[in-house]
Amino acid sequence: MMTIALQITIGMVVIAALLNVYRLIKGPDAPDRVLALDTLYINAIGLIILLGITLGTRLYLESALLIAVMGFVGTVALAKYLKRGSVIE
Amino acid sequence: MLDRLTFPQPYLSLLLFIVWQFLSNGVSGASIVMGLILAWLIPQITRGFWPERRAFVNAWKLPGYIGIVLLDIVVASVSVAKLILGGREPKSIFVSYPLELEHPLAIAILASTISLTPGTVSADVSDDNKLLLIHALDADNADEVISSIRERYERRLKEMFQ
Amino acid sequence: MSLPLVVLLPFLGALAAPLFAQGGRTAIAIASSVPAIIGLAALYPHWATLADGGIVETSYAWMPSLGLAFSFRLDGLSLLFALLIMIIGLLIILYARYYLKPYENVGKFYALLLCFKGSMLGIVLSSNLLLMLIFWELTSLTSFLLISFWTHKKDARRGARMALAVTGGGGLALLAGILLIGDIVGSYELSVVLASGELIKNHSLYPIALTLVLLGAFTKSAQFPFHFWLPHAMQAPTPVSAYLHSATMVKAGIFLMARLYPALAGTEQWFYMVSFTGMATLLIGAYVAMFKHDLKGLLAHSTVSHLGLITLLFGMGTNLAAVAAVFHVINHAIFKASLFMAAGIIDHETGTRDMRQINGLWRYMPHTATLAMVAAASMAGVPLLNGFISKEMFFAEALELNLPGIWAYLPPLIATLAGIFAVAYSARFIHDVFFNGKPKNLPIFPPHEPPRYMKIPVEILVFACLAVGMFPALSVGPILFAAASATLGGPVPDYKLAVAHGFNLPLLMSFAAFAGGLLMYSQRKRFFAFHERFKEIDEKAIFEAFVSRTSELANGITARIENGSLQRYAMLLVASVIAVAVVPLTTMGISIGSNGLSPADWPTLIGIAVLVVCALATAALHRNRFYALVLLSVVGLMVSLGFARFSAPDLAMTQLSVEVVTIVLLMLALYYMPAWTPIETPAGRRTRDILIAGAAGLGMTLVTLAMLTQPFTSISDFFLENSKPGGGGTNVVNVILVDFRGFDTLGEIAVLGIAALGIFAMLRNTAMTPPSTDSLGNVWSRDAYPMMLQQVARPMLPLALMISAYIFLRGHNLPGGGFIAGLITAIALILQYVANGMSWTQDRISVKYHNVIGLGLLFAVIAGAGSFAFGYPFLTSTFDYISWPVVGKFEVASALVFDLGVYLAVIGATLLALVSIGRLSPHSAITSRSEHQATVNNEQGESH
Amino acid sequence: MSTIAEYAIVILLLTGGFFTLVGAIGLARLPDFYSRLHGPTKATTVGIGSIVMASVVFFSTRGEGIGISEVLIVVFLFITAPVSANIMAKAAMHMGIDPAKGTRGHPWDQ
Amino acid sequence: MNHWLIAPILIPLVGGILQAFMGYAPIALRRTLGIATTTLTLASAILLMGLANDDSYRLYAFGNWQPPFGIVMVLDRLAALMLVLTSVLALFAHIYSLGGADGNNRQFHGLFLFQLLGLNIAFLTGDLFNLFVAFEVLLIASYGLLMHGEGKNRTVPGLHYVVLNLVGSAIFLISVGMIYSVTGTLNMADLAQKIPQVAPGNLPIVQAGGMMLLVVFGLKAAILPLCFWLPSAYANATAPVAALFAIMTKVGIYAIIRVCNLIFGEQAGDLSGLGMDWLFPLALITLVMGVIGALGATNLRKLFAWQVIISVGTLLAAISLNSERGTSAALFYLVNTTWVVGGLFLLADLISGQRGTASDQIVTAPRMRNRTFLSVLYLVGAVAAAGLPPLSGFFAKLLILDSAVPGTVRTWLWLVMLVGSFFTLIAYSRAGSIVFWRNVEGHLEEPRKLTGTIAVPASALIALSLVIVVLAEPLSRYVDSTAAQLHNPAAYIEVLKTPMVEEK
Amino acid sequence: MELAFAIVIGALTASGVYLLLRARTFPVVMGLTLLSYGVNLFLFSSGRLATGGQPIIGSTEAYSDPLPQALVLTAIVIGFAMTAFVVVLSLRSLADHSDDHVDGKVSDSVEPEKTEGETGREDAKS
Ligand code: NA
Ligand code: NA
């Protein structure tokens, strides 16, 4: 049962990621793309955790944690560029 | 010189110590020792970034606050999900929320809370920290948004920070 | 011992010459004479051996592997040439003493002259062909420098370069020829080569070898069609013309033919190539000499003609002709050197060499005139003078030449015709200069006799003309015999050295030449008028045009090929890779290895589809830079997910951190750059690029597919087995990085550190003006540091430090490690810069990133060098498990220190790089005060 | 692993997946940027929260001791998500991106 | 294990690290430490050459891990030769930089030493991937050095150089991947052992990988059609950097020699002599291109930069003969050309300092100061570079010509080399006579002072061609033995059996 | 799975190479980044693909090949350093030539054309 639930969940997250990619490509504006990317990072966190459960190992959790940290900084940098131009000044 | 040996930010140190226990997947002799070392060392290293005095006054109210927020998140998520899946056009609104909080950290926490709870996003804080711009996904009017936030979150935060 | 001494002494003299130049012209002339005098004395004891046909040889090893030895050989031939070189050299030194002006660079002149002399002696005394070639090319070089002695004269420079090009180029041909001979014979030693004549001549490579050697000889000896450089070399000071271009260097080619006569001569090919070249040269030189108004021009073309004569004699291939050739070498050297010196005196005293201005000098300088006339008569072949005897021998040999049919008349005819010209130009030299009315517009008037000692060399040479002419057997008999026998390398034919051989056909030819020559001179106006109908060819101009055209052409080609276009260079690189890979890969085809394909799960396939789409979209939509950057981020994210999916947690983390830092970096750059990339590549080129890119992509796909499906064993089992027991860690990747292959990691962090230092250095003093608006034309937001971000960024720092401590400490056993930890710390600090600005953050960071980099590298090195203390190699790690109360058992590993180095280097490098870019922003003009002060102090320190 | 734990995991997983998907659908189909901003910052946090809790339960009930470090991921997301939303909203307002027709109130001038 | 083996690595590494710390230290201190480091590196290189002279292979296993598992340094004659060659060049270039070229960049000495570090690792390493790392170290340092100095003219050539080399690094990695995917190892000796045993089905992958590796080395060596980044980059670098760069192309050459003799050497079965049939014609075309470039050069630096290409063509032509004699001749030529061209780049700088705005352009200009001294240096350098007697270039060229066996290859080799020499001669004589002799009246702006700091290193490097002539025999003996050692890879493979340090 | 993976590498290489051949520094840098992604994945896959075979001792039954992973890690770091350098070099080139053309030339500034199929504000205003 858990395996099926896991498969379904992975499927839902993957479809969510696809929808995000759709938004990313469609835009229409730069902030939409950043938003889509940011969401994609979060989906990736989910996928990594699900992978860990599937494999029965905790070894990938730190990757997920790292995506959270890095995704945030990436989003901030992209968004700050859009409004301020210079990211570090 | 002696202050070099203390915990300059006790709350921070406590937080770090707890975080370390989480990272270590539970409490053990080694994790306590290491957690203490890091909880002391890291604030020492970063003390330049924390020139201000400690901000919290009533920290014990924090868990309760978090509990409420979590609950709201769960409840409101469902309604947002309905909205999204339902196909009804949402009635969006921008609300300028007059802040009563003054401490920047408190404002940040409030703004975060608003963003985390479904249906609202805090889009901006005015330069003078007096107004909060909120985008509500589906709300009837501004006053409704303002009063619910004021009542549910800002009041509690004021208690913590004053 | 004496032979190398003879050769080397002039070079030593050349080194000393500039010192003696301080003492004036006399001092340096005397000093410069010493090498030749010692040389003559050194050769004297060997005479007895040589007169009997003996040989003196000395050899020292130099490069045996190459067959090159420092070996010398003295026989009759080399002795004859050595004597000419040294004796005429001495006369030239004396002559030049008076010829050169006191203000001229006499030190340089004598040094070069001595170098040349040494090189020339080297050619004639070498017993090793390669050694000879070295000296051969040295004479080209030194003659180049001597011709251009008056560097301010354009014609001198051009003449010199032309001479160098022709003779140097010929030297290269000679080099090839010698190498071929060496290849045939198996040695470059003269004794072996000369003894292997038959072997050489019967070898299939003989024609090529001969051609190449003759090319060397002909260019050096100014044979047609390479003769043109010699007249232009007359821009040299006259002592140089007299020495190099009449007596010695141009004879080097002749010497070579004489030297290799036993090895190469006597075949049909030799006959045709050498004799016809000689004939052509003889005639053309003589003809042109007639029409030269320049004294030295006349002499130069006469020299060309006489060199042709000698060549023709060698070409005939008979032993007697060879003897005549050797004899004429001597005679020509004597009379031509004296004529050049006389011409130099006239030039010296009148200020011009134009025979149309110089007339009637008999009245002003009878002594010189007498000398010049005797020498000129010898050149014309007047009896009782040396020129006559060898010319008679030449006529006789011309008659002997057995060409088939009517061609048999050609050689005597040409010989006589050349004789006519020779008489005519000699007559012109005598009559036009010393008689023929009064001088016209001489720059120096009236001319005087030159200084007494300037005439002595001429007198000596003219005396020699007479001596040889009247007493040939007595004067040159022995040396001629010795030289002839050495040339032939065997028995010398019977020949008679006599003033006259009675009335015979050769004498008749001489008379015809005299009559014809005088007649021609008397009718010179008509001939001049005839000649002037032809446009004179200026070889110098042609050569210059050739060089400059070549240069321009080369420049044009270069500019077309090396056009400074990165797009082209990159295309070539990619195309090269495709080209070299295509052959092996097409033989392979699309092959799926024996392992076959493993099943795919659809979430992974969707992820892969996203990756592929975003990668292609990045390329397709790259013109909108921000958009492309976002797409690139997706690609990076998917790649790191891919690493996680395929069992590489460390890679997933590393890729992710690096990708984000890269994106931040690109954002920083994009600020200053246009937001859009214009379309400027033509559609055709874009199609080409797409094809190339597609081919590269297809190739990589095929290779990957083939690779992934092949069974495989690797050395990695060792790592898996030894990671824990040997390296003390369960994360094998980390143990490889810090232990098994720790040296790679050391290099890697060095790269990172160097990159950052380089970036820092590169951006110093760089000023950039960022755009004031974004791509939509909006003025940038004033809000540099959003409050929310500030509030959250600060607690992120200790939190991130905590996480990086965690990632760092577990790295040895679980995914993580110094690198990832370093990037987390760096990212947390970058966030501070983003949220709070440059100066705010910089004020709170008391360390310099340079030092952090240095410290990181130092930690790594120290961790590595620690093992020296225990006698182990660099980077040998050690670890132990320690049990403490409360804490329990934990591991202490030296690799952790190494990893700490990695951690620090990563932080330092990443931040130094990003901060260096951030500093470009005008908003951050004020950096922290301490930094600023340090810069100021240091710049003050440096300016002292 | 106990059945209760397994049920808990299944429920948590499906909840997480569901909300993640809902967030993405919101991002895909809500009419303007400001509305789309709600999707990820809300549903996703719940989605990931649930998935993480599933992971916690899963690893803590395997008899290898508890595994709670992934809770930090959620904490981290909760701290950062509002800031991301805030700064993206600021960027959008700076770029003058208009809200959908029918939105009351108006964005601030940046 | 003899720790001296890694002295040429550790010395510049530690020196470079110290320089990183000393970015803000007084320049005198930085200079002193910098030169001391280079001198020590040279000393250690000479020491190693002494060791290598006994024809044995010496192994240094980092971390005490038995090869092929750990990274090893292997000292043989070739490695020692390259180390000495590099250190000598580096020392003179480094001294020259004290004449002021090291100013305006606090990191100059650090970058210089790191460049040495990368070079020395590349020459010593016995591991394919570590060679990649070494390349990256030396490249990143060279990028920094290339951009060093004032003015804007070096940015674009620098960018081209960097981008192309980044692509080159990517190709290197692909090659490593391909080779590893079949052989499962990275150690060169182990590769030499495993390549002959590769299954036929896998051969194309290794073959394509090997060929791509050669493309990378060809890019570093600047072989046609991958050489066009070089002239502008070298011509625009500051003098000591350009001089040091004389060794950079030789790293590519070194790698080709090493890999082709060891991994794809005589024992390599189907892959023996990989790429050699491509190499020869390309080498000759490179030579021709170099000569054309030299003929068309409008300034001395460009002329010397094209001379680098000529050298590359010549060297690779000799190497592609794939014979012991060819290799030996190539090595002899390598020594000569590296030093002389390095010296010529320094000389170009000296000359341009005396000619005001005319700089090193091949144009008429006011008569320069110190003309005699500089023209003699030019003469010597040109003669040595163009391969005229009596200087070392001639011997080198002679060895190469002599090493070819009769046949079509030899005919082409001789033809191209000799005709090339002829046009090179024209190029040098034209440039020299214009620069030194074609003067106009008039005054020159303040000429640069010709101090010993800059004059001595330039003269010394050029004068080394004379030293080579005198020491031709020992040098040729050394390179002969080196070539013999290279063509006997079986002995190299034995290093795999070197015992590690026992546990105490 | 192998085919899909191979296609990924092919797509990354093709996109990277195409961008590498562009005339502006920024796309070239992006191309290099894409190329290095492809190369890293390729080098990684030289140890073959495995699921759940992370080379952490004790974590699984069959470990995937750790060596390529370590090599790729080194390659990623080096690639990062190089990318940083080339980005800064592009900036320097832009500063020196006031143009971001890879050959430093000041080009006749071409107005960006509108890409088909892309609509919206960015295009409307640019
Ligand atoms: Na006259
Ligand atoms: Na977020």
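Predicted model: local features only at pLDDT ≥ 70, side-chain atom pairs only at ≥ 80, totals over all residues.
A salt bridge, as the word is used here, is a side-chain nitrogen of Lys or Arg within 4 Å of a carboxyl oxygen of Asp or Glu. Residues are numbered from 1 along each chain as its sequence is written, chains are lettered from A and ligands numbered from 1 in the order in which they are written, and side-chain values use heavy atoms, with hydrogens and water left out.

Let's start where chain C meets chain F. Here 113 residues of chain C are in contact (heavy atoms within 4.5 Å) with 91 residues of chain F. The size of an interface is often given as the accessible area lost when the parts come together. For chains C and F it comes to about 9200 Å², with 77% of it on carbon and sulfur atoms. On the chain C side, Phe646(C), Leu708(C) and Met762(C) lose the most area to chain F, together 7% of what that side buries.

Now for those salt bridges: the rule finds 3 of them across this interface. In one, Arg24(F) pairs with Glu680(C), and the closest N and O atoms are 2.5 Å apart. Which element of chain C gives the most to the side that touches chain F? That's helix 30 (residues 683-708), with 14 residues. Helices here are DSSP runs of H or I, at least four residues long, and strands are runs of E, at least two long, both numbered from the N terminus. That side of chain C divides into 70 nonpolar, 31 polar and 12 charged residues. In this count, Ala, Val, Leu, Ile, Met, Phe, Trp, Tyr, Cys and Pro are nonpolar, Asp, Glu, Lys and Arg are charged, and the others, Gly among them, are polar.

Next, look at chain F by itself. Its secondary structure comes to 4 helices and 0 strands. Of its 126 residues, 73% count as buried (under 20% relative accessible area, with over 50% called exposed and anything in between partly exposed; 1.4 Å probe, protein chains only). An unreviewed UniProt entry marks residues 6-21, 28-50 and 70-91 of chain F as "transmembrane region"; such annotations may be inferred rather than shown by experiment, feature names are shortened, and positions follow the numbering used here. Residues 6-21 of chain F are 94% helix, and their end C-alpha atoms lie 23 Å apart. For residues 28-50 of chain F, the span is 78% helix and the ends lie 33 Å apart.

The peptide bond from Phe224(C) to Pro225(C) is cis, with omega near 5 degrees, and Pro225(C) sits in the loop between helix 10 and helix 11 of chain C. Another cis bond joins Pro67(E) and Pro68(E), with omega about 10 degrees. Asn441(C) isn't a glycine, yet has a positive phi of about 50 degrees. Ala222(E) also has a positive phi, about 65 degrees.

Key. Buried area = accessible area lost by both parts, 1.4 Å probe.
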